[in-house]
Every structure is written in C-alpha cells, then in structure tokens.
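Welcome! Have a look at the model below, and then we will walk through it together.

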Amino acid sequence: MSSADRQIRSAVPGVTAEEAEFEQLMRRQAVMSMALGQAAAEVVGLNATQLNCLNLIALDGPLTAGQVAAGIGLTTASTTAILDKLEAEGHIVRERDPQDRRRVTVSINMGKGLEEISPLFAPLTLARTRLLGSHSPEETELILEFVRKNTQLLAEAVERLRAMSPRRKSS
C-alpha cells in the first residue's frame with residue numbers, strides 16, 4: 001500500500017482499495033492538468049494563471065473583469081493587470097456593453113486563439129475524442145454524467161475552501 005493509499009484510507013475510514021486508487025488517480029489527473037496548463041502557457045509566453053483566464057473567458061465569455069476574478073479566485077486588481085497583458089498581446093478584446101456603456105466585457109480574440117493556442121491542445125482533444133468514441137453510447141453517457149458531477153463537486157470544493165481562506169475573510 002502506497003503512502004497516498006494510507007493517507008486516503010486513514011482520512012476517510014471505510015474506503016476500499018479501489019476507492020483509494022480512484023482518488024489517487026483523480027489527484028494525479030489534477031496535477032497533470034496543472035502541468036499541461038503550465039507547459040502550454042510557456043509555449044505562448046504566458047503564465048498558467050493568464051492561460052486559466054483565457055480558458056475561462058473562452059468557456060463562459062464574454063465576461064466582466066469581476067466575473068473573471070471570481071472565476072479564477074483573484075482580486076479584481078490582479079485580474080485587471082492580467083487582462084491588460086492579455087489585451088496588449090492580442091489574446092482578448094474589451095468591449096463596452098451596448099445596453100450599459102459603463103459595463104465592459106472581455107472576450108477571446110478567436111483569431112489569436114485559433115492560431116496560437118488551439119494547436120497546442122489539438123492532439124489531446126483528438127485523443128480524448130477517440131477515447132470517448134471507443135465506448136458504447138451507454139458508457140459514453142455514464143462517462144459524461146460522471147465528469148459533469150465531478151465538475152460540480154470540484155466547484156463546490158472551491159467555494160468551500162474559498163470560504164475558509166483567511167485572506168478572503170480579512171478583505
């Protein structure tokens with residue numbers, strides 16, 4: 001039994017060996033996702049936080065600076081500095097909301113993203129698509145359901161931990 005196995009099994013009594021292995025694999029996947037983001041960011045001359053901002057904007061945008069800050073867990077001042085850099089390098093565009101001229105949103109500059117960033121992830125996207133396609137429709141739905149639910153669990157864990165943060169309580 002590995003030290004990670006022992007750690008998981010002592011923290012959560014009654015965990016089976018398979019459940020402990022599952023948790024280890026989920027943790028390893030999180031580490032690899034962070035390493036992937038860092039490696040991709042370095043290729044395009046960004047840091048991982050800047051790439052996370054771009055990813056969030058691509059997924060949910062257009063967003064305000066406040067929404068980006070809330071999504072990545074930074075202050076609005078830090079986020080504004082990141083957005084300034086991303087805009088200067090042509091990764092995002094800022095636009096005034098036509099209904100409320102005081103509101104500014106950011107969205108992805110699709111040309112720059114398609115040219116520089118998308119090709120970095122294309123091999124992984126293709127491999128994942130093929131992996132998912134190797135399963136039956138029933139298995140595919142089960143996998144998608146798991147990923148949806150796991151994403152929700154992660155979002156809830158982020159909120160729980162943010163609520164516990166001394167930095168957030170003092171601000």
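Which residues in H3 meet which residues in H5? Thr49, Gln50, Cys53, Leu54 and Ile57 in H3 meet Ile82, Leu83, Lys85 and Leu86 in H5. A contact here means heavy atoms within 4.5 Å.

## Before we start

This is a predicted model, in which local features need pLDDT of at least 70, side-chain atom pairs count only at pLDDT 80 or more, and totals for chains, interfaces and linings use all residues. Residues are numbered from 1 along each chain as its sequence is written, and side-chain values use heavy atoms, with hydrogens and water left out.

## The whole chain

The protein chain has eight helices and two strands, in the order α-α-α-α-α-β-β-α-α-α along the sequence. Helices (H or I, at least four residues) and strands (E, at least two) are DSSP runs, numbered from the N terminus. Along the principal axes, the C-alpha atoms fill a box of roughly 55 × 45 × 30 Å.

Of the 171 residues, 23% are buried. Buried means under 20% relative accessible area, exposed means over 50%, and partly exposed lies in between (1.4 Å probe, protein chains only). Among contacts between residues at least 6 apart in sequence, 41% join residues at least 24 apart.

## Helix H3 and its surroundings

Helix H3 covers residues 48–60, and its 13 residues should span 18 Å at 1.5 Å a residue, which agrees with the 18 Å between its end C-alpha atoms. The expected span is 1.5 Å times one less than the number of residues. At the start of H3, a side-chain oxygen of Asn47 comes to within 3.0 Å of the backbone nitrogen of Thr49. That is a polar contact: a pair of N or O atoms within 3.5 Å, where within protein one must be able to donate a hydrogen and the other to accept it, and residues adjacent in sequence count only if both atoms are side-chain atoms.

Gln50, Leu51, Cys53, Leu54, Leu56 and Ile57 are the buried residues of H3. Their cover includes H2, H4 (65–72), H5 (76–88), E1 (92–96), E2 (104–108) and H6 (110–133). The axes of H3 and H5 come within 10 Å and cross at roughly 80°; these axes are lines fitted to C-alpha atoms over the stretch in contact, with angles from 0 to 180 degrees between N-to-C directions. H3 and H5 are therefore roughly perpendicular (65 to 115 degrees) to each other.

## Loops and a buried threonine

Pro62 is in the loop between H3 and H4, and the peptide bond from Gly61 to Pro62 is cis, with omega near 0°. In the loop between H5 and E1 you will find His91, which is buried at 3% relative accessible area. Beyond its neighbours within four places in sequence, His91 is in contact with residues including Leu46, Leu54 and Leu86.

Thr79 belongs to helix H5 and is buried, with a relative accessible area of 0%. Not counting residues up to four places away in sequence, Thr79 touches Ala65, Val68, Ala69, Ile72 and Leu74. Leu74 sits in the loop between H4 and H5 and is partly exposed at 29%.

## One aromatic pair

How many aromatic pairs does a search of the whole structure find? It finds one. The ring centres of Phe22 and Phe146 are 5.7 Å apart and the planes are at 75°, so the pair is edge-to-face. Rings of Phe, Tyr and Trp (its six-membered ring) pair if their centres lie within 6.5 Å; planes under 30 degrees apart count as stacked, over 60 as edge-to-face and the rest as tilted.

Phe22 is in H2 (residues 17–43) and Phe146 is in H7 (residues 137–164), so the pair links parts of the chain 124 residues apart. Phe22 is partly exposed at 37% relative accessibility, and Phe146 is partly exposed at 37%.

Terms used. Angles under 35 degrees count as roughly parallel, over 145 as roughly antiparallel, 65 to 115 as roughly perpendicular and the rest as oblique.
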